Amino acid sequence: MRIAVAISGRGSNLEALLHELGPKAPARIVLVLSDRAAPGLTLAQARNIPAEVLPDSADGDAWLRLLRSYDVDLVVLAGYLKLVPHPVISAYRDRIINVHPALLPGFGGKGMYGRRVHEAVLASGARESGASVHLVDERYDQGPVLARLRVPVLPDDTPEQLSERVLRVEHQLLPAVVLAAARAGRPVVLNESQVTSHLSRTPTAADTGLAARDSRLPE
Ligand code: GRF
């Protein structure tokens, strides 16, 4: 399966994908797109993967020309912050996925990105957060959820601490969903144990923060 990854920032989720999608993987990143001169583009350039900055990220025709010229099967939004233009969503219906740093359907929607997500989770008093991967439709963060991985929220967490813990599971979840999609020929729904079965390495307690939960949270 030929994958395009869209980013807006440092690209740590792109890096996790590149790490997991080795030469024998059923999925290959053939294009990295950005709406700006994102630092993560250098990860693609270092591996000779075409990296394109869209001059106007709202120009659906420009998106489609690029996706078609690289024969892309699946678009992965990995920290991409802009809306994907409607013609792209229509042309790639059910073939665009996004990673979100909270347990959808909660804590998503317009304006819910970066630190604001984690602040909202902490303010809610929730004892768990996590990462979600969902299909992208015309609405922010509302397409069907494909898979989620949970992490604990600790009593004295700062937004930064929670964000780091969630990011570690984003790096597990997104490659697992992409690999499962490549094996099935389309994005599929996965439960937590199916997520880990798609990875080359089983996540440890250090990845998920669950060791911290055992010692610090009452049952
Ligand atoms: C991640 O938390 C992602 O879920 C969110 O933005 C962050 C991007 O991180 N949408 P990176 O660019 O992949 O490092």
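Helices and strands here are DSSP runs, numbered from the N terminus. By that naming, Pro105 sits in the loop between β5 and α5. The model is predicted.

## The sheet

Start with the strands. Seven of them form an open sheet, in the order β3-β2-β1-β4-β5-β6-β7, and the pairing is mixed. β3 (51–53) and β7 are the edge strands, each pairing on one side only. On average, neighbouring strands of this sheet are turned by 20° against each other, direction ignored. Helix α6 packs on the sheet. This helix touches β1 (2–7), β4 (74–77), β5, β6 and β7. The direction of α6 makes about 30° with that of β6.

Strands of a sheet pair through backbone hydrogen bonds, in either a parallel or an antiparallel way.

| Strand pair | Sense | Bridges | Bridge partners |
|---|---|---|---|
| β2 (28–34) and β3 | parallel | three | Leu33 and Glu52 |
| β1 and β4 | parallel | four | Ala4 and Val75 |
| β4 and β5 | parallel | three | Val75 and Ile96 |

Asn98 lies in strand β5. Is Asn98 buried or exposed? Asn98 is buried, because 24 other C-beta atoms lie within 10 Å. Leaving aside neighbours within four places in sequence, Asn98 is in contact with Leu77, Val133, His134 and Val136. Asn98 and Ala78 are 20 residues apart along the chain, yet their C-alpha atoms are separated by 6.3 Å.

## The nonpolar core

The largest nonpolar core holds 62 residues. Which of them touch the most other members? They are Ile3, Val5, Val32, Ala78, Leu173, Val177 and Val178. Helix α6 gives the most to this core, with twelve residues. In soluble globular proteins, nonpolar side chains tend to be buried together.

Take Val5 as an example. Beyond its neighbours within four places in sequence, Val5 is in contact with Leu14, Leu17, Ile29, Val32, Val76 and Ala78. Val32 and Ala78 are also among the core residues that touch the most other members.

## Around the ligand

How many residues surround the ligand? There are 15, and the closest are Gly9, Ser12, Asn13, Gly79 and Pro101. The elements giving two or more residues to this shell are α1 (12–20), β5 (96–100) and α6 (159–184). By type, the shell divides into six nonpolar, seven polar and two charged residues.

## Loops and backbone details

Phe107 has a positive phi of about 55°, although it is not a glycine. Phe107 counts as buried because it has 22 C-beta neighbours inside 10 Å.

Asp141 is placed in the loop between β6 and β7 (145–152). With 22 C-beta neighbours inside 10 Å, Asp141 counts as buried.

Gly125 belongs to the loop between α5 (115–124) and β6 (128–135). Is Gly125 buried or exposed? Gly125 counts as exposed because it has 7 C-beta neighbours inside 10 Å. Along the chain, Gly125 and Pro155 are 30 residues apart. Their C-alpha atoms are separated by 9.1 Å.

Technical notes. Residues are numbered from 1 along each chain as its sequence is written. This is a predicted model: local features need pLDDT of at least 70, side-chain atom pairs count only at pLDDT 80 or more; totals for chains, interfaces and linings use all residues. A residue is buried if 20 or more other C-beta atoms lie within 10 Å of its own, exposed if 12 or fewer, and partly exposed in between; C-beta atoms are placed from the backbone. A residue is near a molecule or strand if its C-beta atom, placed from the backbone, lies within 6 Å of it. Ala, Val, Leu, Ile, Met, Phe, Trp, Tyr, Cys and Pro count as nonpolar, Asp, Glu, Lys and Arg as charged, and the others, Gly among them, as polar. Two strands pair if DSSP finds at least two bridges between them. Axes are lines fitted to C-alpha atoms, for helices over the stretch in contact, and angles run from 0 to 180 degrees between N-to-C directions. Two residues are in contact if their C-beta atoms, placed from the backbone, lie within 7 Å. A nonpolar core is a set of buried Ala, Val, Leu, Ile, Met, Phe, Trp, Tyr and Cys residues joined through C-beta atoms within 7 Å.
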